[in-house]
Structures are given as C-alpha cells and as structure tokens.
Amino acid sequence: MEHLLDRRLVLVTGKGGVGKSTVSAALALVAARAGKRAVVCEIEGPSAVAPLLGATGHGHAPRPIGEGVELAVLTAEEGLRSYLADRIRLPGIVDLVFKQPAVSKFFRAAPAFAEMGILYSISKLLDEKDARGRPAWDHVIVDLPASGHAVGMLEAPFIGKRIFLAGPVRHLCESMERMLLDHDLATCAVVTLPEELPVNEALELAAKLRDRGLRVEAVLANAVESEPLEPEEHALVEKLRALEHRPLLEGVAVAARRAARGRAILGRLTKGLRKAPVPISFRLERGRELVKAIAQELETAATPAGNRL
Ligand SMILES: Nc1ncnc2c1ncn2[C@@H]1O[C@H](COP(=O)(O)OP(=O)(O)OP(=O)(O)O)[C@@H](O)[C@H]1O
Ligand SMILES: [Mg+2]
C-alpha cells in the first residue's frame, strides 16, 4: 500500500467529530518532520487546526502555526475573487464587483460556485512557486468539512459541468475536475471511529468518492482502544482472581470487552474495504501533544517495517 503523503494533495474527510482536523494536522506534521513544506487548508473559519498547535489568528494566505506546519483558511469568496482577478487582471474592478451585496449573495447561493472558489484556491496553492521556481508546497492537506458537505464540494465540478456547457466557468470546472481525478496528484483519506455508525458512513463515503473517480488511499480508524493486557500479562488476571480483587477484575473485563468490540467493527471495516484500515490509538493527550502522538503513530505505520499507510 502506498503512503498517503506520496500524493501532493490529500483530502481528509469523514463524519463530524471523528478527528479530521487532528489527523490533518498530524499528517502535516509528519511531512514537516520529513523536511517537506506542508500547508493544512481549512474551509471557512473559525480554524480548528490553529488552536490545536497553540496558534491564534489565520487567514486565506498560508501562515506558520508551529512545528513547521502552515495553515490557510480558505473562503469561497476569496477563492472566487482570486479567480476573477486572475482572469480579468484588473483587481480594482473585481473588488468593486465584490463590494455589491447582491454579487456576494449570488456567489454564495449559486450551485457549485462557492465550492469552485475553494477548489480554485487549492489549485493555486498546488501551482504556487517559490523564489527558485520550485513548487512552494510539497503537500497541501485539506481538512474537509463533514461527509455530506465534503461530497458536495468534491462533486461541484461535475455539477458545474452539467450547468455550464461552454465558456470560462465550464473551463474552470474541467480543470478542477482534472485536479481531483489525477490519481498521481490527489487522494482522499477517510477518517472514522471504530464504531458501528461511523464505520458504515465511512464505507459509504469511500464508495461514493471512488464512484466519482477519486482515489481513496486509506481509511484511518481513529481512537482505537488498545487491549488492556499484553498476552504475557494474562496470568495477572488469575492472580487478581485469587485475591478476589473485584473492582480491578471488572475494570480489565470492561476494557477487554471494549477492545473486542472495536476489533470486530474494524474487522467489518476491513472486509468492506477489502483492505486494512490504518489504526490510530485512542489517546489521553490533547492539543499539540495529541497531534504529535498521532504523527508519531502515522510515521511508524508508514515505515517499510510497519503497515505502509
Ligand atoms: N486518537 C484520539 N484519541 C482521543 N481523542 C481524540 C483522538 N483524535 C481526536 N480526538 C479528539 O476528538 C475530538 C474531535 O477531533 P477533531 O476536532 O479533530 O474532529 P473533526 O472530525 O475535525 O470534527 P469536526 O467534524 O467538528 O470538524 C477532539 O476533542 C479531539 O481532541
Ligand atoms: Mg474539524
């Protein structure tokens, strides 16, 4: 299995609250630690990623948020504005146009327009060059909104193409479609929790994205509970039993049941995907420490000795 970070554009998606922002930040940290320039993109504010790394303040243009990671909070309006500015090459006029409330309202309400603004901003980051003419970003990691909205965004170019049969908007849709469907450039990472409903949703989401022609490199099963005891520690249970230490025995039994349930659900996920998910363990750390711990796990999983991501 290939490494998620073998692709420059990683689209992180999944149901609400499964850990998308945390995993996006961790993936960027893995890249930064490997000496790569990585930018995490969030869609509209407020940022969930900046506070994770202890940073405050963010904007549409990438800025450092610590640990070698940069963050850009993309907005549809900024994206459409830069698209028009690039086409018309008269930024003053674009600003004037966008000052009209009816115009911003139209762009926000028109189907696929807002999403195209975001996709355009992503494509600009991929095309951006540094002073030496090399790509400015080795990795653009997009922390997508929860499943339904993410699918809407990724489907926007297909929908746009049905509406605009010719002209510049159709051209834009086609070029955004090419970006999303380029399997050498872009891949999706679906994050889930090892629970019944999130796993069902992750399977549906992965299938939907693949049906659309997108590459789905990996499903990451986040917050997997570990086994309470190592195999060699099972003799301990017998000792506890002999001591009739009920509270501890019950604690071990509960933890073992939870781990077994998680294992069964992950088994179902593996069967559905026909490929093992990448597990990330349940952790007690929070914020920056949580991101670092997950980055460490993902790094280990990506070494040739471990499961490649
Ligand atoms: N491996 C983990 N172990 C324990 N807690 C975790 C783990 N990963 C994430 N969390 C916690 O889960 C919560 C949700 O994480 P996060 O904000 O990354 O999810 P999200 O999918 O981005 O949510 P949203 O859909 O609201 O954007 C956070 O409180 C985070 O600290
Ligand atoms: Mg989030």
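Here is a short tour, from the whole chain down to single residues.

**Before you click.** This is a predicted model, where local features need pLDDT of at least 70, side-chain atom pairs count only at pLDDT 80 or more, and totals for chains, interfaces and linings use all residues. Residues are numbered from 1 along each chain as its sequence is written, while chains are lettered from A and ligands numbered from 1 in the order in which they are written.

**Select the whole protein chain.** Its C-alpha atoms fill a box of roughly 80 × 40 × 35 Å along the principal axes. Colour by secondary structure and look for twelve helices and eight strands; these are DSSP runs numbered from the N terminus, with helices being H or I of at least four residues and strands E of at least two. Of the 309 residues, 39% are buried. Buried means that 20 or more other C-beta atoms (placed from the backbone) lie within 10 Å of a residue's own; 12 or fewer makes it exposed, and anything in between partly exposed.

**Now select residues 20-33.** This is helix α1, with 14 residues. From first C-alpha to last, α1 reaches 20 Å, close to the 20 Å expected at 1.5 Å a residue (that is, 1.5 Å times one less than the number of residues). How many of the residues of α1 are buried? Twelve of the 14 are, including Val23, Leu27 and Val30. Just after α1, click glycine 35, which takes a positive phi of about 80°.

**Next, show ligand 1.** Of the 17 residues around it, Gly16, Gly19, Lys20, Ser21 and Thr22 come nearest; a residue counts as near if its C-beta atom, placed from the backbone, lies within 6 Å. Helix α1 gives the largest share of this shell, three residues. β7 (216-224) and α12 (287-302) each supply at least two.

**Jump to proline 51.** You'll find proline 51 in helix α2 (residues 49-52). Is proline 51 buried or partly exposed? It counts as partly exposed because it has 15 C-beta neighbours inside 10 Å.

**Last stop: residues 113-127 and 147-163.** These are helices α6 and α7, whose axes come within 8 Å and cross at roughly 105°. The axes are lines fitted to C-alpha atoms over the stretch in contact, with angles running from 0 to 180 degrees between N-to-C directions. So α6 is roughly perpendicular to α7, a label for angles of 65 to 115 degrees.

Notes. Angles under 35 degrees count as roughly parallel, over 145 as roughly antiparallel, 65 to 115 as roughly perpendicular and the rest as oblique.
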